[in-house]
Amino acid sequence: MIQSETLELLEWSRLCQHLATFAATKLGAFAARYLHPPATQPESLDLLAQTKEAYQLETSLDTGLTFDGIQDIGESLDRAELQGILSGEELLAIATTLAGVRRLRRFIEDQEDVPILKELVADSRTYPELEQEIHRCIDERGDVADRATPKLAGIRTQMKSLRDRIYEILQGIVQRKGGALQQQLITQRGDRFVLPVKAPQKDAIPGIVQDTSSTGATLYVEPKAIVSLGNQLRTQRRQEQVEAEAVRRALTEQVAAVKPDLERLLVVATTLDLATAKARYSLWLEANPPRFIDRNQNESITLRQLRHPLLVWQQKHEQGTSVVPIDVQIQSYIRVVAITGPNTGGKTVTLKTFGLAALMAKAGLFVPAREPVELPWFEQILADIGDEQSIEQSLSTFSGHIRRISRIIEAITTPKEELQVDRLKVGGSQEFQVGRLKVLREQPDNLQPDNLQPDNLQPDNLQPANLEEPSTPRASLVLLDEVGAGTDPAEGSALAIALLKYLANTTQLTIATTHYGELKALKYQDERFENASVEFDDQTLSPTYRLLWGIPGRSNALSIARRLGLNPSVVDQAQTLLGGASEDVNEVIAGLEAQRRTQETKAQQANQLLQQAESLHQELSERAKLLQERERELKLSQERSVQDAIAQAKKEIAQVIRQLQQGSQTAQNAQKATNALKEIAERQIPAAPPPKPKPGFRPKVGDRIRIPRLNQTAEILSTADNGELTVRFGLMKMTVALTDVESLDGQKPENVVKPTSKPAPAPTPVSRPATAVRTSKNTIDIRGSRVANAEIDIDQAISKAIEFGVLWIIHGKGTGRLRQGVHAFLEQHPLVERFKLAEQSEGGTGVTVAYLK
């Protein structure tokens with residue numbers, strides 16, 4: 001079928017191989033390798049929802065989903081159903097799988113915003129009692145444990161006693177007749193204990209010869225003294241095997257009884273692993289989730305910076321060249337896009353990139369493009385890419401293209417088919433379907449792709465059912481490479497035009513590459529057509545692989561031929577034969593391309609300026625927020641200080657009142673109380689700062705001033721306390737009064753008020769201890785803080801330590817950046833008189849002592 005050919009042409013299997021490397025289990029990897037896009041849009045939406053939730057867990061959590069212990073137990077379940085007896089290792093694998101799925105279910109149930117995954121694991125039964133019973137009966141080596149049954153424990157106890165007795169007897173023989181032995185050791189042949197006896201001295205140790213060395217020099221003899229014990233041990237060993245087999249049979253029957261639920265667990269685990277692999281692959285690709293649009297609702301296809309996923313893999317894992325992204329923007333009314341341009345310019349890669357993007361979105365994968373990723377859900381994705389020339393089938397290049405295009409037309413006009421998938425045998429693998437997920441369960445010996453039988457996977461083996469005529473055309477994407485090529489150019493061009501017009505009426509979108517100039521003109525005849533081209537660099541004469549929209553491309557065949565070394569005279573002759581009309585068209589197209597590049601450059605510059613403006617705005621907003629926070633903290637600190645001062649004053653006033661009430665009410669005591677209250681007021685209420693002088697013109701030496709009465713501009717040479725100025729204008733010097741001058745902008749100077757001889761009363765000093773004492777109230781530890789945060793803490797500490805006159809700041813040594821920031825802050829703080837580093841006994845360079853005003 002053509003859809004299977006399309007998957008092969010787009011190299012979908014290679015992408016699935018890459019996806020499989022991100023799976024955690026064998027079943028998940030197998031399902032990823034043979035991933036097929038679903039047939040309906042609801043299925044695609046379900047798969048996308050699973051991938052989104054798995055992506056959310058991968059990016060928001062440190063570990064994401066873990067699949068430790070989950071193994072492929074499908075073959076064991078089938079044998080258990082057929083009443084076979086499972087081995088200890090197989091039973092252990094079932095137990096660890098049950099535990100692994102239980103951990104997954106609990107982990108998902110504890111998460112938020114993952115409703116799809118929660119619904120997936122909601123009905124999963126993990127049978128903890130079966131897991132516990134398996135671990136009780138089977139040890140970590142896969143053997144049946146003694147604790148499985150009392151009878152088995154008794155048998156093994158007897159076996160141990162017999163072995164100990166045999167060893168005791170053999171040790172005695174070795175000590176007595178060591179000369180007759182090749183080596184003084186006890187060994188086994190089969191299940192019998194023997195001694196290596198020299199052949200010439202076999203009579204020295206009578207017994208049964210169980211084996212002989214290759215040279216015949218050594219006989220492995222079972223002494224007669226232990227023959228009966230050996231027979232008893234063999235009998236006990238057979239009883240042990242029977243009892244162990246009974247234990248494993250009982251466990252196998254328990255497994256067979258719950259086989260449907262265990263198969264459901266395998267499906268759930270595989271679904272989760274596949275969704276997680278898609279999420280991890282999408283994260284690695286730096287891809288984004290797609291949104292399916294409805295083009296009938298005037299929604300446009302938008303794929304910006306779209307990259308080919310296989311080229312990304314090649315770049316990262318195989319040292320390939322960097323991937324050039326393309327931009328795809330197709331309006332809702334466009335039905336056909338014709339891509340033109342030179343050979344090796346990237347036209348075919350563009351087709352494959354868009355086709356793979358549509359397949360990835362359909363299969364529940366993210367698309368390697370910038371957000372938003374918007375494209376339709378295509379029911380069919382059909383492609384004719386490459387050369388189907390075949391000597392064996394007598395097909396030319398043109399014939400091969402026509403046969404494939406015929407199958408494409410047949411596919412888009414055939415009614416929808418519901419394919420009923422039954423249980424398919426694939427080599428040693430089996431496919432079973434639960435709900436919407438198909439899981440291929442492999443046999444261990446048939447895991448390699450070489451063992452798979454591709455004939456059994458061909459869609460021709462699937463039986464169609466429920467045929468019905470579609471009421472509306474199917475939503476198809478058709479990709480055509482070099483449409484109409486391989487035959488006479490005139491006939492090929494006519495055929496290509498007719499084909500594209502037919503597809504414009506029957507498909508949702510067709511993208512075709514071509515060299516025919518006639519196809520470029522379809523855009524100007526039918527609005528459903530659009531032109532695009534791959535860019536060609538005229539300077540380097542090489543393609544840039546960028547996709548340009550709205551501009552038809554130039555084939556540049558002659559330029560490429562000249563670059564590849566074709567004889568210049570041949571190229572010049574071809575240019576002459578081509579004529580001037582074609583050259584004129586190429587020049588027009590080149591002009592359009594140059595204009596487009598200019599506009600793109602300007603758009604990039606504008607975008608850079610916008611980003612810089614946004615960055616600056618964000619930086620200023622953060623600084624403003626920090627300043628507001630600091631102002632709020634300072635305000636709160638001041639309010640707390642005021643409240644503390646009020647509380648302290650109230651407390652002291654109350655104490656004075658109590659002393660006055662308790663003592664004798666004399667005038668002297670009343671005066672003492674009054675003085676005490678006055679002292680409290682002076683200590684708690686800060687003195688009002690002197691009013692600031694109004695700003696005005698203050699002439700100083702060197703200033704240029706104007707003397708209105710002389711109508712002259714002068715320079716001040718000196719000033720005097722009596723308000724006179726010595727000035728110079730031209731060659732003359734003179735002394736003028738301060739009131740006779742003004743500034744160049746017309747401001748009058750401030751009146752100089754001479755200080756009176758009576759000194760101003762000194763402000764009442766704040767009561768401070770004579771000697772600074774370091775306490776917890778005048779010490780702050782800011783080690784580990786940032787400078788911005790430390791400044792706020794120091795400012796608050798200064799307000800609290802003002803009564804002590806000194807503040808110890810512990811900032812540590814470290815790199816010294818915090819110390820430098822502290823010193824810079826103290827230098828400009830209005831309440832800090834000076835500061836210095838502490839003495840060595842008090843912390844040295846790790847502590848700064850600030851003396852307060």
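**Figure 1. Arg783 counts as exposed in this model, at 52% relative accessibility.** Exposed means over 50% relative accessible area, buried under 20% and partly exposed in between, with a 1.4 Å probe and protein chains only. The model is predicted: local features need pLDDT of at least 70 and side-chain atom pairs pLDDT 80 or more, while totals for chains, interfaces and linings use all residues. Residues are numbered from 1 along each chain as its sequence is written, and side-chain values use heavy atoms, without hydrogens or water. The partner of Arg783 in a salt bridge is Asp781, and their closest N and O atoms lie 2.7 Å apart. A salt bridge is a side-chain nitrogen of Lys or Arg within 4 Å of a carboxyl oxygen of Asp or Glu. Asp781 is partly exposed, at 44% relative accessible area.

**Figure 2. A salt bridge joins Lys352 and Glu11.** The closest N and O atoms of the pair are 3.7 Å apart. The two residues are 341 residues apart and link distant parts of the chain: Lys352 belongs to helix 13 (residues 347-362), and Glu11 sits in the loop between helix 1 (2-9) and helix 2 (12-20). Helices (H or I, at least four residues) and strands (E, at least two) are DSSP runs numbered from the N terminus. Lys352 counts as buried, with 18% relative accessibility, whereas Glu11 is partly exposed at 25%. Over the whole structure, the search finds 36 salt bridges. Among them is the pair Lys700 and Asp703, at 3.7 Å from N to O.

**Figure 3. Glu5, Asp384, Arg404 and Arg407 form a salt-bridge network.** Met1 belongs to the segment before helix 1. The relative accessible area of Met1 is 45%, which makes this residue partly exposed.

**Figure 4. Helix 2 packs against helix 11 (residues 259-285).** Axes are lines fitted to C-alpha atoms over the stretch in contact, and angles run from 0 to 180 degrees between N-to-C directions. Helix 2 contributes Leu15, His18 and Leu19, and helix 11 contributes Ala277, Lys278 and Tyr281. Contact means heavy atoms within 4.5 Å. Four of the contact residues are nonpolar, one is polar and one is charged.

**Figure 5. Helix 21 covers residues 787-801.** At 1.5 Å a residue, the 15 residues of this helix should span 21 Å, and the distance of 20 Å between the end C-alpha atoms agrees. The expected span is 1.5 Å times one less than the number of residues. Buried residues of helix 21 include Ala790, Glu791, Ile794, Asp795, Ile798 and Ala801. An α-helix has 3.6 residues a turn, so residues three or four places apart point the same way. Ile792, Gln796 and Ala797 are also among the buried residues of helix 21.

**Figure 6. Asp113 and Tyr127 have positive phi values.** Neither residue is a glycine. Phi is about 60 degrees at Asp113 and near 45 degrees at Tyr127. Asp113 lies in the loop between helix 6 (88-109) and helix 7 (115-121). Tyr127 is placed in the loop between helix 7 and helix 8 (128-137). Asp113 counts as exposed, at 58% relative accessibility, whereas Tyr127 counts as buried, at 8%.

**Figure 7. The peptide bond from Glu371 to Pro372 is cis.** Its omega is near -5 degrees. Pro372 is part of strand 9 (residues 370-376).

**Figure 8. Thr487 occupies the loop between strand 16 (476-480) and helix 15 (489-506).** Thr487 is partly exposed, with 29% relative accessible area. Apart from neighbours within four places in sequence, Thr487 is in contact with Phe398 and Gly492. The C-alpha atoms of Thr487 and Thr397 are 8.6 Å apart, across 90 residues of sequence.

**Figure 9. The whole chain has 22 helices and 28 strands.** Of its 853 residues, 41% count as buried. Among contacts between residues at least 6 apart in sequence, 67% join residues at least 24 apart.

Note on methods: Ala, Val, Leu, Ile, Met, Phe, Trp, Tyr, Cys and Pro count as nonpolar, Asp, Glu, Lys and Arg as charged, and the others, Gly among them, as polar.
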